Amino acid sequence: MLLRAAVTALICLLSLTSVIFVARLYRRDNASSSEWIPSFSAKHIEPCPDNLDWLLPLDLTYPIKYARRDILVNPATGVERLPVTKHDRTLFPDFQSVDLTDNAKVQLKNCRDPLTLDVPEAAKRPVDASHIIFGISTTLTRLDESIPSLLRWLPNTQAQLFVIAIEDDDVPEDSEDRFHPADSKAMSDLQSRMRNLGLDVTIVNPLSTHHSFSQRYFSLVHVMWEHRQPMTQWISLIDDDTFFLSMPSLVERLSDFDPNKQYYVGALSEDWWSVSRYGLMAFGGAGIFVSIALAEIVNAKYKDCQERSHTSAGDIRLRECISWHTSTKLTNILDLHQIDIHKDLSGLYESGRLPLSLHHWKDGGPDGKGYPLHTMHLVADICGDCFLQRWQFGSDMLLVNGFSIATYPKGGVKRLDLAKMEETWDHPSIVEGSVNVNGVDHSLGPTRPQLDLEQEKIQYRLLDSKTVDGAVRQIYFRKGADGDQDTVLELMWRNQVEHEPEPQEH
């Protein structure tokens with residue numbers, strides 16, 4: 001009897017081993033194992049956590065309406081980032097009222113298993129930007145404040161950054177000096193701290209104590225030229241609040257141009273009034289890229305351009321120098337953004353487009369607190385270029401990753417022309433006689449009228465985002481209207497490979 005039982009157990013064990021072996025062979029050949037057998041080493045995801053203590057620092061008013069979902073990111077071959085990716089099913093379970101006033105322990109009743117979303121396979125590709133030198137002119141204080149945003153795009157790219165830094169420019173009008181110089185020790189300490197964080201930055205003093213802001217900005221060309229390397233192809237002038245959303249995409253875009261030819265690459269302002277006033281020039285906050293061939297000429301004419309120009313704007317001084325000494329015209333890239341539109345920029349962020357750069361994000365917004373791109377962008381650590389990507393769930397919900405979730409109660413998403421950008425910002429100044437009637441057709445068009453919030457569009461804006469054990473937690477928030485409870489929606493973005501590992505080769 002015991003012998004028969006042992007033989008039976010051995011046969012069962014051999015059968016199970018055979019199933020696993022065949023399943024894993026199938027997975028290697030067909031890149032899918034979900035039809036066969038789950039990986040035994042996969043980490044368990046609890047869709048119904050019983051502790052929401054991470055909500056406490058957000059200073060919410062309880063009770064709140066709450067729902068959550070885990071998202072597994074699957075980099076898949078052949079998947080492209082579309083203007084909107086549609087899913088028939090809804091994203092969240094039903095809301096549940098939660099009160100953490102006395103206890104962060106909860107019993108969630110409405111939970112769903114993790115949702116897998118496919119993203120382009122190369123979404124998290126590495127990048128080599130060693131052929132680009134960036135330059136900023138700013139104060140030590142503003143540079144220090146910019147570290148969190150710089151850490152989102154500059155490290156691990158091999159790109160260099162040179163900063164002309166001062167203490168401030170609050171000097172008497174009759175002073176010969178145009179600014180207060182930065183303390184040398186403070187400069188050295190900040191440079192060391194930034195380098196320890198992985199930023200290849202060099203902080204230098206202005207070339208002259210008599211230089212105005214525009215002269216200091218223009219002198220970046222000379223500083224970067226003097227520090228060029230054999231591999232340098234581009235020098236780039238940016239502001240301390242210029243944010244590049246995808247360095248791989250930026251490098252890929254610049255590869256369209258031969259740096260051994262004279263190229264002046266940048267973007268016009270989104271505001272047609274500004275373009276009409278200042279001309280067809282690259283506006284500095286969007287990022288200006290000067291090919292090494294053109295930089296050589298500008299540097300050779302550096303002294304003449306510094307003395308000849310009398311503008312108070314550094315990007316205009318650069319444009320003047322290029323126009324005086326070359327026939328090079330602006331190569332306008334629409335995906336670089338100066339952001340000269342104001343207040344609520346939801347229409348831009350919710351457009352489904354992936355900008356190469358954004359500017360003026362520290363200011364504006366419907367509440368005047370700006371857009372914290374350094375936290376909004378955290379989800380890119382999980383899914384690469386999926387930041388600001390749009391997914392539609394069911395008939396009436398749009399997720400704009402890292403910015404908002406919105407529902408459309410009157411007719412759903414199908415009534416929207418999602419190829420057009422919603423005009424949520426304050427209307428720009430009108431240029432008399434211009435056919436560019438809304439002031440942004442040349443840059444943001446085509447556009448569509450703004451929807452009525454709470455009536456035609458219910459918007460949950462990103463309140464916070466944090467990295468948690470290798471995942472990224474996003475919190476979307478909507479203030480309750482007419483005495484209704486506030487709403488919190490949680491998305492936890494995870495790498496699928498961490499929860500369903502590929503089999504190891506033996």
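Predicted model: local features only at pLDDT ≥ 70, side-chain atom pairs only at ≥ 80, totals over all residues.
Local features are reported at pLDDT of at least 70 and side-chain atom pairs only at pLDDT 80 or more, whereas totals for chains, interfaces and linings use all residues. Residues are numbered from 1 along each chain as its sequence is written, and side-chain values use heavy atoms, with hydrogens and water left out.

**Figure 1. Overview of the protein chain, with 14 helices and 22 strands.** Helices (H or I, at least four residues) and strands (E, at least two) are DSSP runs, numbered from the N terminus. Of the 506 residues, 52% count as buried (under 20% relative accessible area; exposed is over 50% and partly exposed in between, with a 1.4 Å probe and protein chains only). The chain exposes about 24,600 Å², of which carbon and sulfur atoms supply 50%; the areas come from the Shrake-Rupley method with a 1.4 Å probe. Among contacts (heavy atoms within 4.5 Å) with a separation of 6 or more, 72% join residues 24 or more positions apart.

**Figure 2. Packing of helix H5 (residues 213-226) on helix H10 (residues 314-325).** Two packed helices are described by the angle between their axes and the distance between the axes. Here the angle is about 50 degrees and the axes lie 8 Å apart. Axes are lines fitted to C-alpha atoms, for helices over the stretch in contact, and angles run from 0 to 180 degrees between N-to-C directions. H5 and H10 are therefore oblique to each other (under 35 degrees is roughly parallel, over 145 roughly antiparallel, 65 to 115 roughly perpendicular and the rest oblique). H5 contributes Ser 214, Gln 215, Tyr 217, Phe 218 and Val 221 to the contact, and H10 contributes Gly 314, Asp 315, Arg 317, Leu 318 and Cys 321. These residues comprise five nonpolar, three polar and two charged (Ala, Val, Leu, Ile, Met, Phe, Trp, Tyr, Cys and Pro count as nonpolar, Asp, Glu, Lys and Arg as charged, and the others, Gly among them, as polar).

Figure 3. Ile 297 counts as partly exposed because its relative accessibility is 23%. Beyond its neighbours within four places in sequence, Ile 297 is in contact with Gln 262, His 325 and Thr 326. The C-alpha atoms of Ile 297 and Ile 322 are separated by 8.4 Å, the two residues being 25 residues apart along the chain.

**Figure 4. Helix H6 (residues 247-254), largely enclosed by the rest of the structure because six of its eight residues are buried.** The buried positions are Met 247, Pro 248, Ser 249, Leu 250, Val 251 and Leu 254. They pack against helix H3 (147-153) and against strands S5 (132-139), S9 (234-237), S10 (243-244) and S12 (288-291).
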